[in-house]
Amino acid sequence: MLHHQSPPRQLLSICLLFLVCGVNKAASLLGGGRRIWQQPKLEPFNKDQSFLHDTFPSGFLWGTGTSAFQTEGAWDQEGKGPSIWDHFTHSTVGTDLATETANVASDSYTRWEEDVEALEYLGVISYSFSLSWPRLFPDGDAKNQANPAAVEHYSRLIEKLLEKKIEPIVTLHHWDLPQVLQEHYGGWRNDTLVGLFEEYAAFCFHTFGSRVKIWLTMHNPYLVAVQGYGTGVHAPGETGGAAGSLIVAHNLIRAHAKAWHTYNTHFRPTQRGQVSIVLGTHWVEPQRGKSTVDNIEFCQQSIEAVLGWFANPIFGDGDYPPSLKIKHGALLPSFSPEEKLWVQKTTDFFALSFGPNNFRLGRGLVQYGQTVSPDLRRILGWIKLEYGDPRVMVAEGGWFSESSVGREDTVAIYLMKRFINQVLQAMKLDGVNVFSYSAWSLVDGFEWNYGFTVRRGLFYIDFSQLNRTRTPKTSAQYYKNVITDNGFPNDKTSRDYIDYEIHFISPPCFTDPHLYRWNLTGDNSLHPVPGVTMQTKPAQCTDYLAIRGHLNLFASTEASHYRFALNWSLILPQGDISNVNMEALRYYRCVLKELKKRDLKTVLILYYPTHRAPNLGLPGPLHASGGWLNYSTVEAFQEYAALCYQQLGSWVPYWITVNEPNRLVDVYSGEKEKHQAAHHLLLAHAKAWRLYEREFLSHQGAKVSLALHADWAEAANSFLDSHSAAAQRFLLFEIGRFLDPLLGTRNKEEHHKGDYPQEMRAYLEERARVMGLPGSPLPSFTEAEREELRGTLSFIALNHFTTRLVSPYPHTQAKIPHKQPPDHGCLTLSDPTWPSSGLGQALVPWGLRKILNWVSQRYGVALPIIVTASGVDDQAPVEDKLRQHFLRSYLQEALKARQLDGVNLQGFFVWKLQDRHVPQFGLFTSKHHHSKAKASIAVYREIITQGGFPEDNTKQTCGLSALQEPCSVCAWMFENKAVLVFGGCLLITSVMFIALVIFVIITKRNQRVRGVNRIIKRRERVTVCSCRPVKYKL
């Protein structure tokens, strides 16, 4: 007989464990937001961190919004009662905070149809506005008769919006509490207002709810509690401190919950709408980006002190965060167990306010070196992790501009671009479920305690004019384009260009003039030996042991051309040939011979300015006599160039006379001095070029040029012609000032060649006239000088690193004492969505293509262009991923310029070969760090070896994923991991439970059958044969 053991107790325990798996998911998620700071910050060029080109889902709710008090005006018209903000701005309480009132404001109560026209211009799908409680109920009591004029006004607005297919999103309370409730009850300090708000909400639901599907009970209650009743900065101006703020916040939360339950019970079944509350917050990053346990906890507490204060009771477990309980102790009101259940989950989605008001307060909550950061993507990720992936509406997104900015709010465009793209990144890359974005606000209005000194509207209003005309700002034009495109679709013209070979020229950077000897102290290093008398034997290049080691590094890059600079002050200490340092020249000859021996070509710079005191790279006596402000320096440079051509020219195929003269002139403070220095630098170059042409070209055959710093200038605001003109003017001052006198332009008549750009001269003359100056500071060339200048370039050398956004210099800044605007009248800024390096250099690959095209179009394609320096600082010791990205992306744009645009590009230099000290621009680490090759070397070598980006050698990072279509089922499974795990637990538990039941039933049935068989056998007295057991093989 076989004996079956009963199920072990351990098995039953496992079954029970599976049964409770996944219970109380929301409670287990609280505190999960800490994980956002544990995630490593990705490289700035990574697609997760840089600008994301993609579109929002179909049906995404684009919108904008306003609040009643800020825009309606008509503060005492048609039966409206005063609000606490009316009283606050009219009384002496607010005189030290804001001198203006909102009596008329934007006059939206009267001009609401113009607001609807503005909405149509934008193309938004939704409009968020607030109802004025004191306009609907002047006495604040919804049990009394409502103001019919107010009801009719809001009904007309809602009907017009629906007629225009714009979804109304209605806020019940945006800070303008009826003054009578403040006087009778003490405002939100009294819990009587909880019931009064419920009655007011019920009236609004009943009156407008059949036409409104999205309700917001109140806007940013944190600011009401803290600013209104704690610090007194906002109405009603009470200074109750933390105790007052905590009580007010408690009542606001309970009032919201009551309103939600009222809608849920009495109106949702028929109206089928949704209700939420708008919560505001700031964002912080840990001290120095270090995500230690303590730093993360400080960040979590900072967010809990603002957002978590209200979100935890509503979206979490129905109670305040533990950190607030510890911080405030007995001051913090408590929820009863019944209230916790009653407050919990009283929203249908998460509505977020992310704007300047919270950030101003957020700075006061920063401790232990935290950094306040306007990172909308990060806070959206925190909300998902902390509160279980709710649907999110960004109910207020935007920043502010100074009132003086007017309609040309360029900075606002880039902040809007950044915020909206951060939302897109949160959705596409982090899986946050955002369904709506509202740009704040529709029109300029009364900005609370700041009055009219700042503006947040997409439409400009001149508050000095009675008609309050709505004029679209450039940010409105930008937002309209974003809505039309439904985001930021890919630019089809930006695809990579492949399968072409380009001739690459390589890293510069040998500027160390010192003479080195072997150090016998045993540290295996080279040191300069000052004051040592040279041996009488003939000097040998092997004396300079550093040369071969340095060039070995260069040779490992597989590059073909090497650029380095001579030291003028070392070769001619006195500035003339009366004292020539022959030892320095011998050293440079050794370098050139070694390059020749390795079949490497040289690009040699005669003068590499240091751009700093004491001598700007000039010999001391020349600098003392005025430097480039003195014409004698021009003649001295010609003499120096002749010496270098004679002594070194046999080994040099390319000469650069002056490196970046357009950066050198920035050192001079006065406008006239800048132009004079540039003038002399041009003449010095021309004289050196002509000298080479006359005396050395026939037997040395080298090409001579000067190298200009050539960053691209992009119009900061593409909607304004003034910005486009400023960008072109900036390029003329930066590049045209030096190339036009040498090359003229394709369209310039012969008699204008050899002179500065006509546009530049005309601008400076007009500027001098407007400023009341005697004349233009721009010098003039004599006819002989013009003739000498014409055509003195063998190739065009450009040093390109980044792109700058350019706008006209603001008139407001021009009026600041001791702040002289630059001569070109331009202001430069950067797009915050561009990835940038540790030193703040923006990575904008397409800028290289644009500057190459600009130069080519202005000066023709006859002369070749060589990019003689281009690079980026990367603070990574070896794994310099930023530089790898730079090399691939910038060289790709260089290829496009050459092959697609017809630019005569013939070379590209990477700046630079080796770091001096800490990791920055070098392809190799410094000598102190053992001259290690960085990872970018392999990337650069591969591009050089392949001659570009041939198609058949393109590496696929993930072959299968690149070939297969995206798996929608997989994506769904990934997004619903928690549900699947819980479902799996239930399934396994159910199967085991059923198997257990079946097993028990079968066991009991077998036992009954055996019992019956034994009884039968006894009665029949049957003999049982004893047989050998059968053996089974498994």
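Helices here are DSSP runs of H or I with at least four residues, and they are numbered from the N terminus. The legends below describe close-up views of a predicted model.

**Figure 1. Overview of the protein chain.** The protein chain has 1034 residues, of which 53% are buried. Its secondary structure comprises 37 helices and 28 strands. Among contacts with a separation of 6 or more, 78% are between residues 24 or more positions apart.

**Figure 2. Helix 11 and the residue that follows.** Helix 11 spans residues 221-231. Of its 11 residues, 10 are buried, and the helix is thus mostly covered. The buried residues are Pro 221, Tyr 222, Leu 223, Val 224, Ala 225, Val 226, Gln 227, Gly 228, Tyr 229 and Gly 230. After helix 11 comes Gly 232, which has a positive phi near 80°.

**Figure 3. Strand 2 and its two partner strands.** Strand 2 covers residues 61-65, and because five of these five residues are buried, the strand is largely enclosed by the rest of the structure. Leu 61, Gly 63 and Gly 65 point one way from the strand, whereas Trp 62 and Thr 64 point the other way; residues on both faces are buried. Strand 2 runs parallel to strand 12, and five bridges join them. In this pairing, Trp 62 has Tyr 437 of strand 12 as its bridge partner. Strand 2 also pairs with strand 3 in the parallel sense, over three bridges. Here Gly 65 stands opposite Ser 128 of strand 3.

**Figure 4. The largest cavity.** The structure holds eight cavities of 30 Å³ or more. The largest cavity has a volume of about 180 Å³. It is lined by 18 residues, and those closest to its centre are Gly 398, Trp 399, Ala 412, Met 416 and Trp 440. Two elements each give two or more residues to this lining: helix 18 (410-430) and strand 12 (434-440). Helix 18 contributes the most, with four residues. By class, the lining of the largest cavity consists of nine nonpolar, five polar and four charged residues.

**Figure 5. The second largest cavity.** The volume of the second largest cavity is about 120 Å³. Its lining has 15 residues, with Thr 66, Glu 72, Ser 108, Tyr 127 and Leu 157 closest to the centre. At least two lining residues come from each of helix 4 (68-71), helix 6 (112-122), strand 3 (126-130) and helix 8 (148-163). Seven residues of this lining are nonpolar, six are polar and two are charged. Strand 3 is also the strand that pairs with strand 2 over three bridges.

**Figure 6. A right-handed β-α-β unit.** The unit is made of strand 27, helix 33 (residues 881-899) and strand 28, and it is right-handed. Strand 27 (residues 865-869) and strand 28 (residues 905-908) are paired in the parallel sense, with three bridges between them. Ile 866 has Gly 907 in strand 28 as its bridge partner.

Note on methods
Residues numbered from 1 in each chain as written. Predicted model: local features only at pLDDT ≥ 70, side-chain atom pairs only at ≥ 80, totals over all residues. Heavy atoms only, no water. 1 Å grid on protein atoms, 1.4 Å probe; cavity = no way out; pocket = protein on both sides within 12 Å on 5 of 7 lines; lining within 4 Å. Points joined across faces, edges and corners; volume = space filled by probe spheres on them. Nonpolar A, V, L, I, M, F, W, Y, C, P; charged D, E, K, R; others polar. Pairing = 2+ DSSP bridges. Right-handed = clockwise from strand over helix to strand, strands pointing away. Buried < 20%, exposed > 50% of the residue type's maximum accessible area, 1.4 Å probe, protein only. Contact = heavy atoms within 4.5 Å.
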